[in-house]
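This note concerns the ligand site and the pockets of the model shown below. Please read the points alongside the coordinates.

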Amino acid sequence: MPTTSRTVTNPVEPLFLDRWSPRAFDASVMPQADLDTLFDAARWAPSAFNYQPWRFLYAHRDGADWDRFLDLLVPANQNWARHASVLIFILSDTQMASPGSEALRPSHSHSFDAGAAWMALALQATRLGYQAHGMTGVDFDRARTALAVPDRFRIEAAVAVGRQGDKSILPEALQARETPSERNPIDRHAFAGNFVS
Ligand SMILES: Cc1cc2nc3c(=O)[nH]c(=O)nc-3n(C[C@H](O)[C@H](O)[C@H](O)COP(=O)(O)O)c2cc1C
């Protein structure tokens, strides 16, 4: 059974409902073994030609890189993400080589593939008692320079991972939003046949 109050009309695997994006984290330190398990889960995501274009740059809250990673988020995200255990920047390789070839060509699906990897990481986090909160509220230009990301790689998003904490640590406006959200009905997204607007 899912532990959230999210409503579903079909027998969805409970893990999908239990994953959500809290902002109140408990500021605990995450063991490297747990973080490695998240990256291992991400590794098993499918990708075009099994090219695995995702890359992860990370900092633990008690590590030397924490402050400069946190500083790359927009201030509104810094405000709550500073309580997380780990910050991760997710990159994708915009170039790929066909199997058996060294020649690089633009990848059609680098972001799609990295998105699959992020979801695997997030679900594994939930399964281990953490939550992973994605963010595009990032200073992407500064992040590219600060993290020495080559032009060839797209910085997709940042992720804050941690154990859920008490929402009283958040400003009042965020406390009110600290609950799993709902979704549009299936018929807004899935159409038999042609596109429907
Ligand atoms: C790519 C991406 C970017 C996001 N950017 C932010 C962000 O900058 N700040 C924030 O507080 N939440 C951010 N979120 C969290 C979303 O608002 C959240 O996933 C969405 O409202 C659905 O809620 P749920 O994850 O709790 O199911 C982001 C999520 C994703 C996947």
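**Ligand site and pockets**

1. The ligand is surrounded by 14 residues, the closest being Arg6, Ser21, Arg23, His133 and Arg183; a residue counts as near if one of its heavy atoms lies within 4 Å of the molecule. The model is predicted, with local features requiring pLDDT of at least 70 and side-chain atom pairs pLDDT 80 or more, while totals for chains, interfaces and linings use all residues. Numbering runs from 1 along each chain as its sequence is written, and side-chain values use heavy atoms, without hydrogens and water.

2. Strand E5 (131-135) and helix H4 (75-81) each supply at least two residues of the shell; E5 gives the largest share, three residues. Helices are DSSP runs of at least four residues and strands of at least two.

3. The second largest pocket has a volume of about 170 Å³. Its lining includes Arg6, Arg19, Ser21, Arg23, His133 and Arg183. A pocket is an open set of points on a 1 Å grid over the protein atoms alone where a 1.4 Å probe fits, with protein on both sides within 12 Å along at least five of seven lines; lining residues have an atom within 4 Å of a point. Volume is the space filled by probe spheres set on the points, which are joined across faces, edges and corners.
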